[in-house]
Amino acid sequence: MIRPLATFTATLGETAQLIGASLHGTDFSFSGVAIADSEVEPGDLFMAVPGARVHGASFIEEAITRGAVAVLTDEAGLSYCKNIPALVVKDVRTTGALVAASLYKYPTRDLTSIGITGTNGKTTVSTLLYQIFEAAGRDSGLIGTVETRMGAEVLKSSRTTPEAPELQALAAAMRERHMRHLVMEVSSHAIALKRVKGSHFAIAAFTNLTQDHLDFHKDMDSYFAVKSQLFTPEYAEKGFINIDTEYGHRLADISQIPVTTISRSNKSATWHFTEIHSVASGIELSVRGVGGILIESRTQLVGAYNLDNLLLALAIAVECGIDPIELAAITPALTGAPGRLEPVILGQSYKALVDYAHSPDAVSNVLAAAREFTSGKVIAVLGCGGDRDASKRPLMGAALVQGSDIAIFTSDNPRSENPTEILRQMTSSLDYSAPSQIIEDRTAAIRAAVSLAHDGDTILILGKGHESGQEIAGVVTSFDDRIALAQAIEARP
């Protein structure tokens, strides 16, 4: 976990007053906060959070061994705190996030922090903004699904939005390194689990909302309600919202902060396209924005949904003071995020791409995008992850069949579930015929797709994108769709 070089300290007594905790034991000073015992550093306050299976307090001894000087926990966790002072609260996650933000002096407020939320597009919008800021000479930080960046330093991300202690430490390190902007993805899990509590964004942005994560949120209204929390004064100053969907319209109506609207075609939106033309070098576009601003440029990004992502990034960049003329010059070089329609090029006569699409809407959008640049057949490989929202599996299967010419169903990350059962749920209600097929082994499925490709075709390997591992029966093995696809292309006679 990256932390700032400067030392920050607080006492248990003053912290107890800040969060309304009861202090059990001696009043100590602490210099960091950790939510996992493996991340504890000497002088830390350890957050012992109640879990679904075990209480985090059961790891207190390990935390003490690594140097923890105190524990933040609830009444259930207090019984484990025999050899260490404890702060006891009702909601460990919320108070722990506030403690971390307070310890580091609320670093997200000292950066121009931008939080991007939505089902799809978070990674691409965040990456586009980061690329814009860097091209404009503004050192910036990026926190997201694929990676974390601080200027030139690149770190692999373990989750879309870090736990609160890591997030606040990262932001403090970025402030210390004189980053001007922080662009980050804010997942619905992060909002619900209080990871962004204590953070504050100059801008909160909304891409869209489609079915996903219903294993966690239970229904779409609950999912939407969590996302909408970001558009309140507690979390943000201003909102930028794509209003091309029902949920975007609803959010713009109920937002508790000032809203700037964007739309691909709705001319009543503050930001919208006035011209979109496909050319050999990409897409030529004209964008009309706040105050009548006109940006005329070109993009190499493909797919209508990527135009939405680009428009949102351009609108936010202007709000952050990037000159529209400079933006027009920067836009043609923007590439988007790794694992998002990422090509694998080895001299073959057909296109081969990898994409992270793992929701019904994302699968439909990516396949529609591929259709735009494919003269032959669209051949697509897709699986569904285990231990996740099972209700989307038949919808994803239907999207695959409807959007491709040849659909190959395979495993994604089955995790603890039976991969054969996941595939049955994806395909049992579908009507498809050979060469569409089920191939459970993902490597074999990718090879089959390559064997079926001819001149002008497009192969799409969907679902895992940038991921470098596959989890089967609780065991993670090395697996990268981009490498597997490249190997299959090279091995084809």
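Predicted model: local features only at pLDDT ≥ 70, side-chain atom pairs only at ≥ 80, totals over all residues.
In which helix is I64 found? I64 is found in helix α2, residues 60–65. Helices here are DSSP runs of H or I with at least four residues, strands are E runs of at least two, and both are numbered from the N terminus.

Good morning, colleagues. Residues are numbered from 1 along each chain as its sequence is written, and side-chain values use heavy atoms, with hydrogens and water left out.

Let us stay with I64. At 26% relative accessibility, I64 counts as partly exposed; buried means under 20% relative accessible area, exposed means over 50%, and partly exposed lies in between, with a 1.4 Å probe and protein chains only. Leaving out residues up to four places away in sequence, I64 touches N83 and I84, where contact means heavy atoms within 4.5 Å. Between I64 and E440 there are 45 Å in space, C-alpha to C-alpha, and 376 residues in sequence.

I turn now to A357, which has its place in the loop between β20 and α13 (360–372). Its relative accessible area is 4%, so A357 is buried. Apart from neighbours within four places in sequence, A357 is in contact with A362, V363, V366, L382, L462 and G463. The C-alpha atoms of A357 and T161 are separated by 18 Å, and these two residues are 196 residues apart along the chain.

On a 1 Å grid over the protein atoms alone, a cavity is a set of points where a 1.4 Å probe fits but cannot get out, and a pocket is an open set with protein on both sides within 12 Å along at least five of seven lines; lining residues have an atom within 4 Å of a point. Grid points are joined across faces, edges and corners, and a volume is the space filled by probe spheres set on the points.

The second largest pocket has a volume of about 650 Å³. It is lined by 30 residues, and Q300, V302, L341, P343 and L353 are the closest to its centre. Two or more lining residues come from each of β16 (271–279), β17 (282–288), β19 (342–343) and β20 (351–355). The element that gives the most is β20, with 3 residues. By class, this lining divides into 15 nonpolar, 11 polar and 4 charged residues. Ala, Val, Leu, Ile, Met, Phe, Trp, Tyr, Cys and Pro count as nonpolar, Asp, Glu, Lys and Arg as charged, and the others, Gly among them, as polar.

How many cavities of 30 Å³ or more does the structure hold? It holds 1. About 60 Å³ of space lies in the largest cavity. Its lining includes T123, L142, E147, E185 and P338. Both α5 (122–135) and β9 (140–143) supply at least two residues of that lining, and α5 gives the most, with 3 residues. The classes here are 5 nonpolar, 5 polar and 2 charged.

E147 is found in strand β10, residues 147–150, and is buried at a relative accessible area of 15%. Among the residues that E147 touches beyond four places in sequence are L142 and V154. R149 forms a salt bridge with E147, the closest N and O atoms being 2.6 Å apart. A salt bridge is a side-chain nitrogen of Lys or Arg within 4 Å of a carboxyl oxygen of Asp or Glu. Whereas E147 is buried, R149 counts as partly exposed, at 24% relative accessibility.

How many salt bridges does the structure hold? There are 20. In one of them, the side chains of R3 and E41 meet at 3.5 Å, N to O. R3 lies in the segment before β1 (10–11) and E41 in the loop between β4 (32–34) and β5 (44–47), so the pair ties together parts that are 38 residues apart in sequence. R3 counts as buried at 14% relative accessibility, and E41 as partly exposed at 35%.

A further salt bridge joins the side chains of R195 and E163, at 3.6 Å, N to O. R195 lies in the loop between α7 (188–192) and β13 (201–206) and E163 in the loop between β11 (153–156) and α6 (164–176), so this pair ties together parts that are 32 residues apart in sequence. Both R195 and E163 are buried.
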